[in-house]
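Q: I'm new to this one and would like to learn how to read it. Could you walk me through it, feature by feature?

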Amino acid sequence: MKKWSAILIAVLLASALAGRNTDTLNVAFERTMLTLDTYATSERLALIVAHNVGDTLIHRNSETNEFEPHIATDWEFVSPLELVLNLRDDVLFHNGELLTAEDVAATLNWVVGEGAGLAGTGTLQWIDHVDVLGTHQVSITAKALTPTAIETLALIGVIYPASIIGREGGATELGQHPVGTGPYRFVGSGNNQLRFERFDDYFVGAKKLPEIEHLVIHTLPEEASRIASLLTGDIDIVRSGAISPDQQRALGNRARPEAADILRTWFVQFDGTGSSGVDYFTDVRVRQAVAHAINKDEIVNVLLSGYGRVIHTPCNPVQYGCQEDAAVQYEYNPAKARELLTEAGYPDGFTVEVYGYRDEQVVQAVQGYLEAVGIKTNLNWYGGQYDVVAQILAAGDIPLYVGSWGSSSVYDASAAMNIHLEIGGEFTTATNEVIDQAVRAALQTVDLNERLELYATAIQESTSNVYTFPLYAGRVLAGVSNEVEWQPSPDEIERYYLATWR
Amino acid sequence: MTNYVLQRVVQALIIAVLISVTAFMLLFVAKDPARALAPPDASTAEVELLRQRFGLDRPLPVQYLSWAALAVRGDFGLSLFSRQPVTRILSPRIVATFQLAAFAILLTVLVAVPLGVVAALRRGGAIDLLASIIAVAGQAMPIFWFGLMLIVLFSVNLGWLPVSGRGTFRHLILPGITLAFSVIPLTMRLTRSAMLDVINQDYIRTATAKGLPRTSVIWKHSARNAATPVVLALGMQFGALLGGTVVTETVFAWPGIGELAVSAVTTADLPVVQAIVLFAAMVVVLSNLAADVIVGLVDPRVRY
């Protein structure tokens with residue numbers, strides 16, 4: 001009996017330490033990535049991979065929020081529209097090529113040229129063109145004054161080899177076999193796994209050479225399987241957001257929940273123009289009725305077990321310019337909601353299609369609140385497929401949407417406000433001159449006080465008209481094995497190269 | 001036998017053509033395919049340009065024939081999202097699903113056929129009761145829940161088998177058992193009832209009266225004659241399993257056709273969806289054809 005117990009314990013330990021024995025960090029993602037080219041998609045998972053496989057010119061320290069030299073050793077605005085950066089001369093791509101100014105120019109010129117229509121390039125479209133000034137010096141010329149230039153370069157501007165991005169089909173190739181300069185090198189994929197290994201010739205810069213040699217990203221679509229894999233030791237990290245707050249108790253004593261307050265905000269979006277063929281929400285009273293019908297406190301405290309923070313702004317209050325006191329707030333008051341619906345001519349309510357792609361229980365809660373005041377909804381669910389729902393949104397075909405926006409991890413109100421308010425954003429479902437002017441003006445000045453005033457105006461106008469109804473700012477959970485030391489990042493860019501064995 | 005096979009092949013071809021037309025028309029069901037190909041903010045002129053470039057302005061029958069000509073050669077075009085050839089995306093998935101389905105069918109044959117035979121021979125006995133319990137449980141238990149229970153028991157609590165993924169034989173065991181458990185009840189019940197039909201026939205009584213060994217009576221004379229409906233059922237179920245086992249593949253993160261189908265449908269990746277629909281349907285047609293031929297070989301009555 002003792003012998004069998006010993007064997008069983010050995011098997012359990014071997015299983016639990018499987019990743020550690022092979023020096024492999026096993027990470028679980030919840031959905032399949034269609035491409036690994038972060039410029040081809042607005043999908044967060046591709047951006048996470050990009051930051052582990054590639055590098056940006058400038059690095060933003062996730063703890064201090066300071067910008068640090070990385071591929072670029074220093075930078076300077078030589079004029080309001082021209083940024084000159086000096087580059088390191090020891091940065092190697094995973095294919096052995098030395099990074100030069102040509103690679104930076106080829107990547108960023110491709111982003112604003114051939115790649116301009118792609119979902120992941122929008123944040124860098126402030127760039128007009130990039131010139132090579134020397135082997136290790138580039139100049140980036142902006143189309144207009146851009147207060148978030150450094151921020152966006154640090155977060156999105158991953159540099160590809162010119163030899164690949166410059167040739168036909170190069171971007172597609174990078175989407176399947178990414179080649180970067182980053183801490184982990186892509187070695188292969190298959191069987192729902194992406195496999196990476198430490199890039200020993202990594203220049204390090206502001207990042208860190210991974211302590212763990214191998215990284216394997218697994219796609220595990222089912223949450224119960226993700227948790228079970230964490231408990232058996234097959235998985236070391238379940239990425240943040242891929243574990244629901246109500247599941248944290250299931251982690252037992254082999255793993256622990258790690259939480260991070262993130263930039264992502266959740267909101268209800270209306271078709272304020274009637275472009276979807278549904279004109280209920282063109283009436284501000286109907287939008288206000290929805291605002292009064294939803295109990296945000298209950299969603300955060302009960303449904304999310306406190307993993308969130310109620311917000312009233314169409315941006316995250318931690319972003320620069322996002323001022324809570326400028327927002328008009330709507331108390332939870334179903335009676336008032338019904339009164340407003342009656343005033344708008346819908347005493348018996350109406351039925352409408354609602355769309356969502358993540359956090360189904362939140363969408364269902366919103367459906368429940370709306371039904372209580374007479375608005376019946378049919379859910380069109382696009383589980384995890386943001387790219388698809390974004391296309392339908394952009395086409396103006398969605399009457400009511402419950403979704404979220406991660407602001408591309410940019411800590412400036414513009415990253416959240418533009419997409420809601422500026423004409424052409426994918427969530428733009430109303431046009432308002434005051435808002436558009438304020439948002440545009442805020443993008444054309446670097447005067448901090450002026451920017452605050454402009455965003456206050458935009459927030460006030462947006463919330464009084466309820467063009468979008470903010471719900472809460474997120475706090476996400478990751479599941480982490482007790483064998484691993486690692487924490488999720490507030491900017492939702494998970495840095496697996498920082499993980500260490502305990 | 002040749003006429004019989006030819007007849008079945010012609011039937012299969014007609015069905016295949018009908019299925020291919022349906023799969024082709026999928027492209028036009030959701031929305032204007034040129035609009036679907038274009039970026040959301042594309043102008044009407046840009047959409048028209050795409051329509052011409054991809055030949056979407058040609059008459060539908062012409063488009064179908066050129067699509068079918070390429071499909072026959074395994075060319076389904078490029079995935080709308082990854083821009084990879086659909087065949088390249090599909091091939092490893094087909095292999096994975098085939099492996100899982102074949103293992104599940106093997107388990108089914110190993111468990112359901114002997115159990116069904118013994119249940120019929122010992123009608124009303126303990127094994128018959130056990131077989132009934134397994135059949136009811138297999139039909140009543142949601143496959144999703146059964147898979148998760150196996151994970152909890154064999155992976156989390158006992159630590160014997162991996163929770164998910166593909167690579168070694170150990171990865172195959174839990175999804176294979178889960179899938180087999182959904183196929184076993186029908187196969188076992190069919191085997192049992194077919195055996196019951198056969199063992200009450202006069203020729204079996206005669207064979208027993210002649211003093212033939214019991215194993216010979218059971219396996220040579222009874223089981224062979226009872227095999228026809230079972231082989232047919234297994235053939236059809238194997239075809240259905242090859243078309244994708246969405247739930248099992250999702251629970252165990254098995255990188256097969258079913259999991260790809262979910263992802264392709266939710267992303268509206270129509271070339272991939274078309275290829276999967278065509279493949280899944282063709283597999284059912286071919287496995288039915290194969291089952292018909294096998295039955296013809298096993299049971300001479302069928303081919304005359």
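A: Let's start where the two chains meet: 33 residues of chain A are in contact with 30 residues of chain B. Two residues are in contact if their C-beta atoms, placed from the backbone, lie within 7 Å. Keep in mind that this is a predicted model, where local features need pLDDT of at least 70 and side-chain atom pairs count only at pLDDT 80 or more, while totals for chains, interfaces and linings use all residues. Residues are numbered from 1 along each chain as its sequence is written, and chains are lettered from A and ligands numbered from 1 in the order in which they are written.

Q: How is chain A divided into domains?

A: Domain bounds come from an automatic or database domain assignment. In chain A, domain 1 is 18-254 + 482-501 and domain 2 is 263-475. Their C-alpha centres lie 30 Å apart, and the contact takes 24 residues from domain 1 of chain A and 22 from domain 2 of chain A. On the domain 1 side, the largest share, three residues, comes from helix H5 (residues 149-155) of chain A.

Q: Why is helix H3 of chain A said to be largely enclosed?

A: A residue is buried if 20 or more other C-beta atoms lie within 10 Å of its own. Ten of the ten residues of H3(A) (residues 44-53) are buried, so the rest of the structure largely encloses this helix. Among them are Leu47(A), Ile48(A) and His51(A). The buried residues pack against strands S1 (24-29), S8 (184-190), S9 (193-198) and S10 (214-219) of chain A.

Q: What about the domains of chain B?

A: There, domain 1 is 2-72 and domain 2 is 87-303. Contact involves 16 residues of domain 1 of chain B and 14 of domain 2 of chain B. On the domain 1 side, helix H1 (residues 2-29) of chain B has the largest share, 13 residues. That side has 14 nonpolar, one polar and one charged residues.

Q: How do I read two helices packed together?

A: Two packed helices are described by the angle between their axes and the distance between the axes. The axes are lines fitted to C-alpha atoms, for helices over the stretch in contact, and angles run from 0 to 180 degrees between N-to-C directions. In chain B, the axes of H8 (residues 169-199) and H10 (residues 214-242) come within 8 Å and cross at roughly 160°. That makes H8(B) roughly antiparallel to H10(B) (an angle over 145 degrees). Residues making the contact include Leu186(B) of H8(B) and Val230(B) of H10(B).

Q: At what angle do the axes of H10(B) and helix H13 of chain B cross?

A: Roughly 165°, with the axes coming within 8 Å; H13(B) covers residues 270-298. That makes H10(B) roughly antiparallel to H13(B). The contact includes Leu232(B) of H10(B) and Ala291(B) of H13(B).

Conventions
Helices (H or I, at least four residues) and strands (E, at least two) are DSSP runs, numbered from the N terminus. Angles under 35 degrees count as roughly parallel, over 145 as roughly antiparallel, 65 to 115 as roughly perpendicular and the rest as oblique. Ala, Val, Leu, Ile, Met, Phe, Trp, Tyr, Cys and Pro count as nonpolar, Asp, Glu, Lys and Arg as charged, and the others, Gly among them, as polar. A residue is buried if 20 or more other C-beta atoms lie within 10 Å of its own, exposed if 12 or fewer, and partly exposed in between; C-beta atoms are placed from the backbone.
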